[in-house]
Amino acid sequence: MNEKTPYELFDHTADLGVRAFATNLQELFENAARGLYGAIGQLIPADETDAVAGVERHSDSHPQREHMQLKCDAGEHALLLRDFLTELLIWFETEDRMMAHITWTRLDETNLDATVTLASLDLSRSELHREVKAVTYHELSVIEQDGLLVASYIVDI
Amino acid sequence: MPEPFQGPLERLDANRLRIPQSYKNDMRVDGLIYANHALEKLIKSDRSPEQVANVACLPGIVKYSLAMPDIHWGYGFCIGGVCATDPAQDGVISPGGVGYDINCGVRLIRTNIPASRAEKRMEKLVETLFQTVPCGVGRGGGIKFTHPELKRLMAEGSRFVVNKGLGWNSDVQNTEAGGLIDGAEPDLVSDRALKRGANQCGTLGSGNHFLEVQVVDEVVDQKAAGAMGLEQGNLTVMIHSGSRGLGYQVCEDALMDLRGVPRKYGISLPDKQLVCAPVESKEGKKYLGAMRAAANYAWCNRQIMTHLARQAFADVFGVSAEELGMHLVYDVAHNIAKVEPYEVDGETKSLCVHRKGATRAFPPGHPELPDRY
């Protein structure tokens, strides 16, 4: 894994798996979010002039974007990740918006507290490949492997 | 690739395999898989038999944890799994035994159009169906319902949309349970689920969902085909879809609500994805009420698409859907939990039957079938 490969998709019976890599937990959650959007397709925010398919690291300068407070609590990293991704999925499905930026207030074993910057999607330029019904609990894991954090999850499609 | 199943699979006869209760300490009944020799190797190739054994650990399970010949690895429950629990014996309801797509199901619509007559219009027909029946990734485009309308729709089932002119009276009779499962509690469906479902009723979705124009290739039972109005060489339409985002969210909400519930009731589970609650508990009743509401939504979803498909056919063939004989043959769910009466050891019991990717078969004369079947 390196900066260019924050996540990979893998086949799973009739569904699809996402594996994200990072050196710290915050980056892992962000890369897992990139993976979710990657599973759905090539998503492009309406306020981007360049085709940015994924979550930006630093740009948060668009006045038309909305900032949402997100809090989750769960008993372990993997469940916290699933809940976080589910929130993103619902924003995508019900409001055609994607996470463009995230500012972390807290992220530990049991709690997530962050401000998510949501950008509207440009549906005319985005390519939607799959309908993700849910981020499942199946084979859900966050582990450390070869000095990296690795998150795996299966989406029901 | 999933690891192959290493546990015991005993062949009972040409079509059945048994996972003995002794395989796991917590198994309450045997696992029973309907599979012939040809399917056995395939079934062992993933962990779906392990999931059959895990389901056998659920409290109140009756007789067997069952699996159909096409089982494959699912979430907690295998796809193609059936499990009946007895509410009177602390039997549980598990959202994983229904799946995310509540009341995903299939319906078949007959026509009196010979395939030979349709050949030249097939391209136009497919184009028109694409334009008329919304499909694809996550998009709406169906008939937009307000939240109060959605709640009525979930309370009244197929009849609600038929009364709005989106179908025929006979459609209701030809739908499992008349397109209405009793005990739906739309008020238990979250606002988030309503939001996900508001503009998706009457949309196909994506994944393995489809609307197909098919041909009756061969009739093997003339009497049954006659009763269903199926004739060799004629076109049919098959629709496979479910409860869309609304149902996914009802499942999602339940999985979240039930996280700590097994521990509360002293239920130990071999897999967290089997999260469950006793049918008679307040948590179990809450899920069942919302699940039934989502099931009714799914019947309305397929009903509206039936109406749209009829419109497309009428446009292309230049005559009404009635003249084309586009009657619904039947609509049956394959992701659902229903309370059904069964005779168990000489005693009639109301069992909570989970079917996940498994279709119920009705014999002639069954109350859920029209009389002519």
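A:E139 lies in the loop between β8 (134-135) and β9 (141-145) of chain A, where helices (H or I, at least four residues) and strands (E, at least two) are DSSP runs numbered from the N terminus. This is a predicted model, in which local features need pLDDT of at least 70 and side-chain atom pairs count only at pLDDT 80 or more, while totals for chains, interfaces and linings use all residues. Residues are numbered from 1 along each chain as its sequence is written, chains are lettered from A and ligands numbered from 1 in the order in which they are written, and side-chain values use heavy atoms, with hydrogens and water left out.

At 40% relative accessibility A:E139 counts as partly exposed; buried means under 20% relative accessible area, exposed over 50%, and partly exposed in between (1.4 Å probe, protein chains only). Its phi is near 55°, a positive value in a residue other than glycine. Most residues other than glycine have a negative phi. B:N103, in the loop between β6 (92-93) and β7 (105-114) of chain B, also has a positive phi, near 50°, but B:N103 is buried, with a relative accessible area of 0%.

Helix α2(A) covers residues 77-95, and its 19 residues reach 27 Å from the first C-alpha to the last, close to the 27 Å expected at 1.5 Å a residue, the expected span being 1.5 Å times one less than the number of residues. Because 16 of its 19 residues are buried, α2(A) is largely enclosed by the rest of the structure.

Two helices that pack against α2(A) can be taken in turn. Two packed helices are described by the angle between their axes and the distance between the axes. Axes are lines fitted to C-alpha atoms, for helices over the stretch in contact, and angles run from 0 to 180 degrees between N-to-C directions. The axes of helix α1 (residues 25-40) of chain A and α2(A) come within 10 Å and cross at roughly 45°, and α1(A) and α2(A) are therefore oblique to each other; angles under 35 degrees count as roughly parallel, over 145 as roughly antiparallel, 65 to 115 as roughly perpendicular and the rest as oblique. By class, the contact of α1(A) with α2(A) has 14 nonpolar, 1 polar and no charged residues, where Ala, Val, Leu, Ile, Met, Phe, Trp, Tyr, Cys and Pro count as nonpolar, Asp, Glu, Lys and Arg as charged, and the others, Gly among them, as polar.

With helix α10 (residues 244-257) of chain B, α2(A) packs at an angle of about 160°, the axes being 13 Å apart. That makes α2(A) roughly antiparallel to α10(B). The contact (heavy atoms within 4.5 Å) is made by A:R82, A:D83, A:T86, A:I90 and A:E93 of α2(A) and by B:G245, B:Q249, B:E252 and B:M256 of α10(B). By class, this contact has 2 nonpolar, 3 polar and 4 charged residues.

A:I90, in helix α2 of chain A, counts as buried at 4% relative accessibility. Not counting residues up to four places away in sequence, A:I90 touches A:E95, B:R192, B:R196 and B:Q249. A:I90 and A:K133 are 43 residues apart in sequence, and 9.6 Å apart in space, C-alpha to C-alpha.
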